[in-house]
Amino acid sequence: MLPAWFGNKEAVDEYAEKVKELPYYAAFNQQEQCIGFFSVKTHYQHTGEIFVCGVLSEYQHIGVGKALYRAVESYLMQRDCKYVVVKTLSDTVDFEPYEKTRRLSEK
C-alpha cells in the first residue's frame, strides 16, 4: 500500500519502523487482509497527529477511512487532545496521493 503513495523506499522503511512504537488502528476485509490503517502520535498533550494513514483504493469512499478516523479521534479525545493534524506536502507538489490527502481536510 505505502510504496505506491510514497515512492521512496527509505521513507516507507522509516514509517514502518516508527509505527512500531505508536498507537495503530487497522481495518480488515472478510479475508482478514489489511485494507486500511491509521497511526497516531500525541504532541504537547493536546494535539494529536495522524502520523501515517492509508486505505487501499478499492476500499476508498465506502467509509473505511472515516471509521478509522473516528477510532483515532475517540482515542485522542480520551487523552484530552483538542486538535488533530495531518502533515502532507504542500499543493506546489503535483503528486496524486498527496492531492487525495489534502482533499480530506476539505471534508
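## Helix H3 and its cover

The buried residues of helix H3 are covered by elements that include strand S1 (24-28), S2, S3 and strand S4 (83-86). Contact here means heavy atoms within 4.5 Å, and buried means under 20% relative accessible area, with exposed over 50% and partly exposed in between (1.4 Å probe, protein chains only). Helices (H or I, at least four residues) and strands (E, at least two) are DSSP runs, numbered from the N terminus. This is a predicted model, in which local features need pLDDT of at least 70 and side-chain atom pairs count only at pLDDT 80 or more, while totals for chains, interfaces and linings use all residues. Residues are numbered from 1 along each chain as its sequence is written, and side-chain values use heavy atoms, with hydrogens and water left out.

H3 has 15 residues and reaches 22 Å from its first C-alpha to its last, close to the 21 Å expected at 1.5 Å a residue; the expected span is 1.5 Å times one less than the number of residues. The buried residues in H3 are Val64, Leu68, Val72, Tyr75 and Leu76. They lie on the same side of H3 because they cover an arc of only 100° around the axis, the arc being that of the directions from the helix axis to the C-beta atoms. An α-helix has 3.6 residues a turn, so residues three or four places apart point the same way. On the other side of H3, Lys66, Arg70, Met77 and Gln78 are exposed. Just after H3, Asp80 takes a positive phi of about 65°.

## The nonpolar core

The largest nonpolar core has 12 residues in all: Ala27, Ile35, Phe38, Val40, Ile50, Val55, Val64, Leu68, Val72, Tyr75, Leu76 and Cys81. Strand S2 (34-43), strand S3 (47-55) and helix H3 (64-78) are the elements that give two or more residues to this core. H3 provides the largest share, 5 residues. A nonpolar core is a set of buried Ala, Val, Leu, Ile, Met, Phe, Trp, Tyr and Cys residues joined through side-chain atoms within 4.5 Å.

## Two residues of strand S2

Ser39 is found in strand S2 and is buried, at 0% relative accessible area. Its side chain reaches the backbone oxygen of Pro23 at 3.2 Å. Leaving out residues up to four places away in sequence, Ser39 touches Val19, Leu22, Pro23, Tyr24, Glu49, Ile50, Phe51 and Val52.

Lys41 is also found in strand S2, but is partly exposed at 27% relative accessibility. With residues up to four places away in sequence again left out, Lys41 touches Leu22, Thr47, Gly48, Glu49, Phe51 and Leu76. Lys41 and Val19 are 22 residues apart in sequence, and their C-alpha atoms are 9.3 Å apart in space.

## Salt bridges

The whole structure holds 2 salt bridges, each being a side-chain nitrogen of Lys or Arg within 4 Å of a carboxyl oxygen of Asp or Glu. Glu14 pairs with Lys18, with the closest N and O atoms 2.9 Å apart. Both residues belong to helix H2 (residues 9-19), where being 4 residues apart separates them by about one helical turn. Glu14 is partly exposed at 44% relative accessibility, and Lys18 is partly exposed at 39%.

Lys20 forms a salt bridge with Glu17, the closest N and O atoms lying 3.1 Å apart. Lys20 is exposed, with a relative accessible area of 61%, whereas Glu17 is partly exposed at 48%.

Note on methods. Polar contact = N/O pair within 3.5 Å; in protein donor to acceptor, adjacent residues only side chain to side chain.
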